[in-house]
There are 2 protein chains.
Amino acid sequence: MTYCVAVKLQAGMVFLSDSRTHAGIDQISTFRKMIVYENPGDRFMVLLSAGNLSISQSIRELLQTEQLHDPEGGEPITIWNARSMFDAARVLGSAVRHVYERDGEALRRSGIEFNASLIFGGQIRGEGMRLFQVYSPGNFIEATAETPFFQIGESKYGKPVLDRLLTPETPLAEATKCLLISMDSTLKSNLSVGLPLDLAVYEVDRFSSDQVVCIDEHNAYFHALRGAWSAKLREAFDQLPAPEWSIAGELAAPSPRHRALRKITHPRDRLI
Amino acid sequence: MTYCVAVKLQAGMVFLSDSRTHAGIDQISTFRKMIVYENPGDRFMVLLSAGNLSISQSIRELLQTEQLHDPEGGEPITIWNARSMFDAARVLGSAVRHVYERDGEALRRSGIEFNASLIFGGQIRGEGMRLFQVYSPGNFIEATAETPFFQIGESKYGKPVLDRLLTPETPLAEATKCLLISMDSTLKSNLSVGLPLDLAVYEVDRFSSDQVVCIDEHNAYFHALRGAWSAKLREAFDQLPAPEWSIAGELAAPSPRHRALRKITHPRDRLI
């Protein structure tokens, strides 16, 4: 499996992916799931991919040369000359459809569903940053202020911390911490997600980034972050109020609406 | 969907379930998913159920009268006279199989998989506490010191906090807090899990419990716990070290093993 997550903030964007791929429990390998496209001063784009590896590798290969017809009669549209991220996402959708046309039927004959799950975001000079999630049929949705982040792959373990802490106003450094912690929770609870990680941080209106890094078990910052989070979580937990079962205790106080379960004490007790 | 979780500690057991059931997004109802069986001084058992509601209700109904043949020629074995939790779990497995025999084929014809997912635990006088997870075919596994908890339903959101904080040595009150926080994370991130909750806490060798409570939106303790956890998590997060991108920064320091991603800067750039 895979875990990738990306967020669009007012201050910029953060992209994070793991690198574990497996086909069965005894075929585990490392494949990087992030690609950074950059034409400094003009555009900065990042693609994250989950799902069947042969499909996502094909999509990435085709995306380099994929072209859309320009209805205004100009040059064919590619990710390198598209005037908007929306058009660039359409080019990506088209690449997904081309891979489907090539492989979909043969995969189906082998009982394999055509599944591709992609996150694609960045900024092209002339418009603001944009972040898309692209599905197997090549259609896509865009992140908004209400839903500033997208996740693909094993997304559930790491979602609560994002739900709690991320808003569009979150500063870049804080969002970077938050995504790394979301990844840490996923790494701890699911073996199919693994190091190294790829992290890319983009500052709005820069059209390039020098904050692209690979984080493996030797990364001192990630090591310190995981340790500190674990310890501070424990501290926070220890400070929570303990449940009180006394009749005056708040936990056991009867609710005006819901009664406690009646116990079943005999084979002939009715359940309802 | 559903989220149920149970843990077996040295000090006792804690069981927690939500109560939301839905068949499509416009058919959402409240059904309690916990049943407490108690013969004070002799046995205390709790059943938690997830999956198709018609199946789990049938299982619970049948379980009241289900009997297994006693190879030693004694009375037929029921959950009320079983000498061990293992035998009681076998009775439950048998009830699951009877529901399958009755409904499985008709469900399959309607394209509905026979899915039942159960947690069953407690203590019968004469042996220690035991905790089982029972599957659709009626087979089951037992919790051990290495894996003291079981979850059914929407289990992923709330798993990281259990992985981090629960061990068999955890005191009962602490485990109760921990399960409630695991439920809180799930409630926050997944609409298909909802209040009220049923909570049962069992102290080892008591063979009964007066700590069975229904927690709804009026419960002052749960309300305070959720608020405190949210605030303390935020505090803990704010105290974590910020990522440093300077060349001397630990985050960006190159690893001896993994290089950072090469950026793709041109349509003819090779990807690999």
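**A loop with positive phi values**

Asp205(A) sits in the loop between β11 and β12 (211-215) of chain A. The model is predicted, and what follows should be read as a description of that model. The backbone of Asp205(A) has a phi near 65 degrees, which is a positive value in a residue that is not glycine. Phe207(A) belongs to the loop between β11 and β12 of chain A, and its phi, near 55 degrees, is again positive in a residue other than glycine.

Are these two residues buried or exposed? Asp205(A) has a relative accessibility of 52% and therefore counts as exposed, the cut-off for that class being over 50%. Phe207(A), at 4% relative accessibility, counts as buried, since the limit for buried is under 20%.

The peptide bond leading from Leu195(A) into Pro196(A) is cis, and its omega is near -5 degrees. In chain B, Leu195(B) and Pro196(B) are likewise joined by a cis peptide bond, with omega about -5 degrees. Pro196(B) is placed in the loop between α4 and β11 (197-203) of chain B.

**From Pro196(A) to Asp18(A)**

Pro196(A) is one of the residues that Asp18(A) touches. Asp18(A) itself is part of the loop between β2 (12-17) and β3 (20-22) of chain A.

Asp18(A) has a relative accessible area of 0%, so it is buried. Its side chain has polar partners. One is the side chain of Lys33(A), with which the side chain of Asp18(A) makes a polar contact at 2.8 Å. Another is the backbone nitrogen of Tyr3(A), which is 3.0 Å from a polar atom of the Asp18(A) side chain.

**The wider chain**

Chain A contains five helices and twelve strands. Of its 272 residues, 55% are buried. Taken along the principal axes, the C-alpha atoms of chain A fill a box of roughly 75 × 45 × 40 Å. When contacts between residues at least 6 apart in sequence are considered, 61% of those in chain A link residues at least 24 apart.

Helix α1 of chain A shows how a buried element is covered. Its buried residues are Ile55(A), Ser56(A), Ser58(A), Ile59(A), Arg60(A) and Leu63(A). The cover over them includes the strands β5 (34-39), β6 (43-51) and β7 (116-124) and the helix α2, which belong to chain A. In chain B, the buried residues of helix α1 (residues 53-63) are Ile55(B), Ser56(B), Ser58(B), Ile59(B), Arg60(B) and Leu63(B). Among the elements that cover the buried residues of α1(B) are β5 (34-39), β6 (43-51), α2 (85-109) and β7 (116-124) of chain B.

The packing of α1 on α2 in chain A can be given in more detail. The axes of α1 (residues 53-63) and α2 (residues 85-109) of chain A come within 9 Å and cross at roughly 135 degrees, and the two helices are therefore oblique to each other. Their crossing is right-handed. On the α1(A) side the contact uses Ile55(A), Ser58(A), Ile59(A), Leu62(A) and Leu63(A); on the α2(A) side, residues including Val91(A), Ala95(A), Val99(A) and Arg102(A) take part. By class, this contact of α1(A) with α2(A) has ten nonpolar, two polar and two charged residues.

**Across to chain B**

A helix pair also spans the two chains. Helix α5 (residues 220-238) of chain A and helix α4 (residues 172-189) of chain B have axes that come within 11 Å and cross at roughly 110 degrees. That angle makes α5(A) roughly perpendicular to α4(B). The crossing of α5(A) and α4(B) is right-handed. Arg234(A), Phe237(A) and Asp238(A) of α5(A) meet Glu174(B), Lys177(B), Cys178(B) and Ile181(B) of α4(B). The contact of α5(A) with α4(B) divides into three nonpolar, no polar and four charged residues.

Conventions
Residues numbered from 1 in each chain as written. Chains lettered and ligands numbered in written order. Predicted model: local features only at pLDDT ≥ 70, side-chain atom pairs only at ≥ 80, totals over all residues. Heavy atoms only, no water. Helix = DSSP H or I, 4+ residues; strand = E, 2+ residues; numbered from the N terminus. Buried < 20%, exposed > 50% of the residue type's maximum accessible area, 1.4 Å probe, protein only. Polar contact = N/O pair within 3.5 Å; in protein donor to acceptor, adjacent residues only side chain to side chain. Contact = heavy atoms within 4.5 Å. Axes fitted to C-alpha atoms, helices over the stretch in contact; angles between N-to-C directions. Parallel < 35°, antiparallel > 145°, perpendicular 65-115°, else oblique. Left-handed = near helix turned anticlockwise from the far one by under 90°. Nonpolar A, V, L, I, M, F, W, Y, C, P; charged D, E, K, R; others polar. Lists of a residue's contacts leave out its neighbours within four places in sequence.
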